[in-house]
Amino acid sequence: MPAVHTIATSGKEPAVTLDAAPADRPRTVRLRADASRNRERIVSAARVALVECGPDVPLDEVARRAGVGNATLYRHFTDRTELIRQVTLSVMTSTAQRAEDALTEEPDAFSALRRFAFESVEERIGALCPMLCKAVEYRGPAALVQLERLESALGTIMDRAQRAGQLRGDVAVGDLMIALTQLTRPLPGTDCISMDTFIHRHLQLFLDGLRAPAGSVLVGTAATLEDLQASNK
């Protein structure tokens, strides 16, 4: 039963107010925590399902992988586009966090660059990129914040590596992201989950090519993230 409190008022009947019983409050908090966990599980399952099955993966398959009912999935995401947008934001947030962690935790700039490159494989950027570009407005406020975090951290890593003479001077953040996207994109007709061995091998080749002194002169100019955004318009 809710607790009943009376408040005396002059010359009138006492006003009666009802407070939620203390026992109800933990249950409300628990329900909110359960809903948050379900949403996280759905987004995580959707990311893997999109990588493995492509953008047409049935949403009931996503629900099955997340361990929730179809009704629960639709309570959180009204349609496929909304779910893919959230997957994109999740991937961008995680990628930005990986860049910031590498920047603050690694002993030198090129070690940070290498760590970020290999950890980005886990985000399956290449496999997700084609479908995400079609479903997401990258200039949305939340996505823009994460993009700015990523650009800031990676830009700092690369600038420090160049000033230390570790990284060739004719590359920029956009060059790195283009290469990572291409290197982590599965070949047609292959299982992208089994591609890790090849991806790691070719990432190492790519990183060796980034080291200074450069062994060749690159054509064109260094690519920025603004260049990549402009190319998607």
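## Basis of the model

Because the model is predicted, local features need pLDDT of at least 70 and side-chain atom pairs count only at pLDDT 80 or more, while totals for chains, interfaces and linings use all residues. Residues are numbered from 1 along each chain as its sequence is written, and side-chain values use heavy atoms, with hydrogens and water left out.

## Overall fold

The protein has ten helices and two strands; helices (H or I, at least four residues) and strands (E, at least two) are DSSP runs numbered from the N terminus. Along the sequence the pattern reads β-β-α-α-α-α-α-α-α-α-α-α.

Of the 233 residues, 37% count as buried. Buried means under 20% relative accessible area, exposed over 50%, and partly exposed in between (1.4 Å probe, protein chains only). Among contacts (heavy atoms within 4.5 Å) between residues at least 6 apart in sequence, 69% join residues at least 24 apart.

## Helix H4

The 26 residues of H4 should span 38 Å at 1.5 Å a residue, and its end C-alpha atoms are 37 Å apart, which agrees. The expected span is 1.5 Å times one less than the number of residues. At the N-terminal end, Asp 79 caps H4, with a side-chain oxygen 3.3 Å from the backbone nitrogen of Thr 81.

Buried residues in H4 include Leu 83, Ile 84, Val 87, Thr 88 and Val 91. Leu 89 also belongs to H4, but counts as partly exposed because its relative accessibility is 21%. Leaving aside residues up to four places away in sequence, Leu 89 touches Ala 142, Ala 143 and Gln 146. The C-alpha atoms of Leu 89 and Leu 147 are 9.6 Å apart, and the two residues are 58 residues apart in sequence.

## The cavity

A search of the whole structure finds one cavity of 30 Å³ or more. On a 1 Å grid over the protein atoms alone, a cavity is a set of points where a 1.4 Å probe fits but cannot get out, and lining residues have an atom within 4 Å of a point. Grid points are joined across faces, edges and corners, and a volume is the space filled by probe spheres set on the points. The largest cavity holds about 40 Å³ of space.

Its lining is made of Ala 46, Leu 50, Pro 55, Val 57, Leu 59, Val 62, Arg 80, Leu 83 and Ile 84. Helix H1 (24–53), helix H2 (59–66) and helix H4 (80–105) each give two or more residues to this lining, and H4 gives the most, with three. By class, the lining has eight nonpolar, no polar and one charged residues. Ala, Val, Leu, Ile, Met, Phe, Trp, Tyr, Cys and Pro count as nonpolar, Asp, Glu, Lys and Arg as charged, and the others, Gly among them, as polar.

Arg 168 sits in the loop between helix H7 (141–163) and helix H8 (173–183). Arg 168 is buried because its relative accessible area is 6%. Its side chain makes a polar contact of 2.7 Å with that of Asp 170 and reaches the backbone oxygen of Ser 216 at 2.8 Å. A polar contact is a pair of N or O atoms within 3.5 Å; within protein, one must be able to donate a hydrogen and the other to accept it, and residues adjacent in sequence count only if both atoms are side-chain atoms.

Among the residues that Arg 168 touches is Ala 212. A cis peptide bond, with omega about 5°, joins Ala 212 and Pro 213. Most peptide bonds are trans.

Terms used
1 Å grid on protein atoms, 1.4 Å probe; cavity = no way out; pocket = protein on both sides within 12 Å on 5 of 7 lines; lining within 4 Å.
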